[in-house]
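Dear colleague,

I am passing on the structure we spoke about, and below it you will find my notes on what turned up when I went through it. Please read them with the structure open beside you.

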Number of protein chains: 2
Amino acid sequence: MEVRARAPGKIILAGEHAVVHGSTAVAAAIDLYTYVSLRFPTPTDNDNQLRLHLKDVGLELSWPVGKLKEALPKLNSLSASAPSSCSLETFKAITSLVDEQNIPETNSSLASGVSAFLWLYTSIHGDKAAKVVVTSELPLGSGLGSSAAFCVALSGALLALSESGKLDFTDQGWQIFSDSDLELVNKWAFEGEKIIHGKPSGIDNTVSTYGNMIKFRSGQLTRIKTNMPLKMLITNTKVGRNTKALVASVSERTLRHSSAMASVFNAVDAISNELAAIIQSPASDDLAVTEKEEKLGELMEMNQGLLLCMGVSHLSIDTVIRVALKYKLSTKLTGAGGGGCVLTLLPTLLSGTVVDKVIAELESCGFQCMIAGIGGRGMEVSYSY
Amino acid sequence: MEVRARAPGKIILAGEHAVVHGSTAVAAAIDLYTYVSLRFPTPTDNDNQLRLHLKDVGLELSWPVGKLKEALPKLNSLSASAPSSCSLETFKAITSLVDEQNIPETNSSLASGVSAFLWLYTSIHGDKAAKVVVTSELPLGSGLGSSAAFCVALSGALLALSESGKLDFTDQGWQIFSDSDLELVNKWAFEGEKIIHGKPSGIDNTVSTYGNMIKFRSGQLTRIKTNMPLKMLITNTKVGRNTKALVASVSERTLRHSSAMASVFNAVDAISNELAAIIQSPASDDLAVTEKEEKLGELMEMNQGLLLCMGVSHLSIDTVIRVALKYKLSTKLTGAGGGGCVLTLLPTLLSGTVVDKVIAELESCGFQCMIAGIGGRGMEVSYSY
């Protein structure tokens, strides 16, 4: 039997950076997923290995089950239903299991992702042999929450086995966990995120687990329900950025210009709340959708101006804005800025021809374009034989 | 004898648009001038005409003095020392004196400038023959206060004749009026500006008259003294803009997003006040100047982000920003936005080679570049024989 789980990536619709200074931010799931497939060897396979195949990066890793037992002797004291943090001792043991593999050094987050895998797999499922295949529609490390989607899908697939009594094994379509089971997935995924990011906000895994959108402020997350279809063109500028340095630069600017920056953060807070209110307001006729989209586009443009004011934009982001502006489309950076990904609102009534033109022009600049529905489904699982 | 007066143009350093909504703005004189020369015919000239030569636009106009007397019979009841507003009756009479001339219809502000000229000339100096020559270093109608500089220089030259007892006729250098005489110049210039703009703010003529800088908020103008040299590259994008429409668009956005926009205006207010404080702070060593310039550059960048947030930027402005950014120079629009002029801070220690490169690149985009010292002298007069 194969268990498959998928979990969506996320975007920040409004409030990045300002959220660090107390403003509200809004994050949303996108319909681009990371897929994790679990397959267990039959007795005739005689394969006593835990195998991990990261298809997108072309990496195949394996650990003999005996080696896992030896390296992680405390495994069987753990419980799948009680998520716990990885101890320093276990982390060191896992790190040496990862270091033995030939992971390209150019990608350190890849190694930490494999560590998270080992921790989640062995904690939830113990030291059993399996073949795990991971594929993703999300570019890695570009701020679209690829690591959280991986942790959520992996936790979901693993927990589906213990929770599977509540799901329909005979249905091969995507099925949704109960809220309490999703809570468990979310907690485990957060533990995985801690291994990858050190001190994650919990936003990415929460959005990936539950889908839809969340508002967050001062560490408080509130799930909200969208009441309108929303589509974005996500442009990956492929310009690498240092999130920590960008966050620090905003803090430094805030120290230098405290009064102005306090007002800037207030403005962002108002934008996030207005944006969330528009998205949550009851569905109405087509005209109302167009009006809502116009307001959302304006709010995105305003947020982008405020991000420029914080000093976290970038020439590559500006290039995307210029191209989109030719077609009167609203654009803002999403996430850390300084490169990374950029959102362009695609109104419902926009013709496909225009979208194709915009994408062609952006791709000719060397950018990667993806179209994503916003605020959709969270983690789901399916079974096949 | 020839009386010459010159009056500077202005830039808005911070706070444009937001000032309409109660924020502080800062305007400064630039060392680009409009020059007005007055020359009176000797008895042997036998020229009984009032002649106006606008050199930059290649326009030569003249009115027989008899015609002025006839059209404006109430002239002699006016007093140069008591500035008064142009009555509707007089305005109509002046308009028909202007309409008789062959002024190209493509430039309606030129005609209103000529009306202002006739009002100021005849009100201050009566119906005497003279030859008035106007030249300017300021591009017309680009937001650099060319009309105010014209009104100020003209009023200054005309008042120099009545006030000349206090100035040194034998000195052929530029001389400054007393504060009370400047007040008179400023009031007359404001009356001229009313003929050109309908409802001017009084900022342009005040900066042009007194030089230096002013802070203004809710109609209150405060003159401030700069304590540091400051140089800007002024780039005229030559993109025409509709100031009234831009002001209205900000007001509409404010109605749609009142809470966010209120914070945006507060942020601008803080930026204007901080900028003014830096410029006024006591002069210190070179390092301090560099630090001040860095802060000013950052404040300009922040203000530009907020102007983007108000929706008054433009692709042409963005192009200037991109070019300047290559050389790590800070840029913001000045005035109404939507095209018009753009400021780029030129730090004291910036090499001339870099400045030349930036200018060459901007000019290759079709823009006009001017280098200007900021916060300099106001209206001055000189005599020659």
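Please bear in mind throughout that the model is a predicted one. Although Asn46(A) is not a glycine, it has a positive phi of about 50°. Most residues other than glycine have a negative phi.

A positive phi turns up at Asn212(A) too, where the value is about 55° and the residue is again not a glycine. Asn212(A) lies in the loop between helix 6 (203-210) and strand 6 (213-217) of chain A, and it counts as buried because its relative accessible area of 18% falls under the 20% cut-off.

As for the chain as a whole, the secondary structure of chain A comes to 11 helices and 12 strands. Its radius of gyration is 21 Å, close to the 21 Å that the globule rule gives for 385 residues, so chain A is as compact as a globular protein of that length. The C-alpha trace spans about 60 × 50 × 40 Å along its principal axes, and buried residues make up 57% of the 385 residues. Of the contacts in chain A between residues at least 6 apart in sequence, 77% join residues at least 24 apart.

Technical notes
Residues are numbered from 1 along each chain as its sequence is written. Chains are lettered from A and ligands numbered from 1 in the order in which they are written. This is a predicted model: local features need pLDDT of at least 70, side-chain atom pairs count only at pLDDT 80 or more; totals for chains, interfaces and linings use all residues. Side-chain values use heavy atoms; hydrogens and water are left out. Helices (H or I, at least four residues) and strands (E, at least two) are DSSP runs, numbered from the N terminus. Buried means under 20% relative accessible area, exposed over 50%, partly exposed in between (1.4 Å probe, protein chains only). The radius of gyration is taken over C-alpha atoms; the globule rule is 2.2 Å times the number of residues to the power 0.38. Contact means heavy atoms within 4.5 Å.
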